[in-house]
Amino acid sequence: MPYEVCTLRSLESTEVTDSALAQTLCYDLRRQVAGDVLEHVDFYRICLQDHRILEVVRSTAETKLAPLLTYVLTHELIHVVRFGQRLQRVDLADELRPEEESKVERTTRRILRAVCSRQ
């Protein structure tokens, strides 16, 4: 599942949001030579919302940047996997998003709890 992580500086205006710390968007990647399609895949872009992430770090003394970024990136990578395995729809209706976010949240916490307990 090809993906990239982008910070605010390299995001298009349509990829910026004030309602999340990050979002994962899916793009259609098509490689062609002389009209022949060589590759056609979903390409995921994790759009970090630097302004929101830094706002949280500045406003809460106990929130540190590295752990927050670890959490945010783990959360978004779970979305990438769920999109890629067709466990989650990219165009999910707004009323279904809270349930999906809850699933991703539980998985994120389970993964990070397991990693932290090994350290």
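Tutor: Ground rules before we start. This is a predicted model, so local features need pLDDT of at least 70 and side-chain atom pairs count only at pLDDT 80 or more, while totals for chains, interfaces and linings use all residues. Residues are numbered from 1 along each chain as its sequence is written, and side-chain values use heavy atoms, with hydrogens and water left out.

Student: In what order do the elements of the chain run from the N terminus on?

Tutor: Helices (H or I, at least four residues) and strands (E, at least two) are DSSP runs, numbered from the N terminus. The chain has three helices and three strands. Read from the N terminus, the order is β-β-β-α-α-α.

Student: Why is one side of strand 1 and of strand 2 left without a neighbour in the sheet?

Tutor: Strands pair if DSSP finds at least two bridges between them. The three strands make an open, mixed sheet in the order 1-3-2. Strand 1 (3–6) and strand 2 (22–33) lack a neighbour on one side because each stands at an edge, with a single partner strand.

Student: Which residue in strand 3 is the bridge partner of tyrosine 3?

Tutor: Strand 1 and strand 3 run parallel, joined by four bridges. In strand 3, the partner of tyrosine 3 is tyrosine 44.

Student: What angle does the direction of helix 2 make with that of strand 3?

Tutor: Axes are lines fitted to C-alpha atoms, for helices over the stretch in contact (heavy atoms within 4.5 Å). Angles run from 0 to 180 degrees between N-to-C directions. Helix 2 packs on the sheet and touches strand 1, strand 2 and strand 3; its direction and that of strand 3 make about 150°.

Student: Which residues does valine 72 touch?

Tutor: Valine 72 is itself part of that core. Leaving out residues up to four places away in sequence, its contacts are Leu21, Ala22 and Leu48.

How values were computed
Core = buried A, V, L, I, M, F, W, Y, C linked by side-chain atoms within 4.5 Å. Buried < 20%, exposed > 50% of the residue type's maximum accessible area, 1.4 Å probe, protein only.
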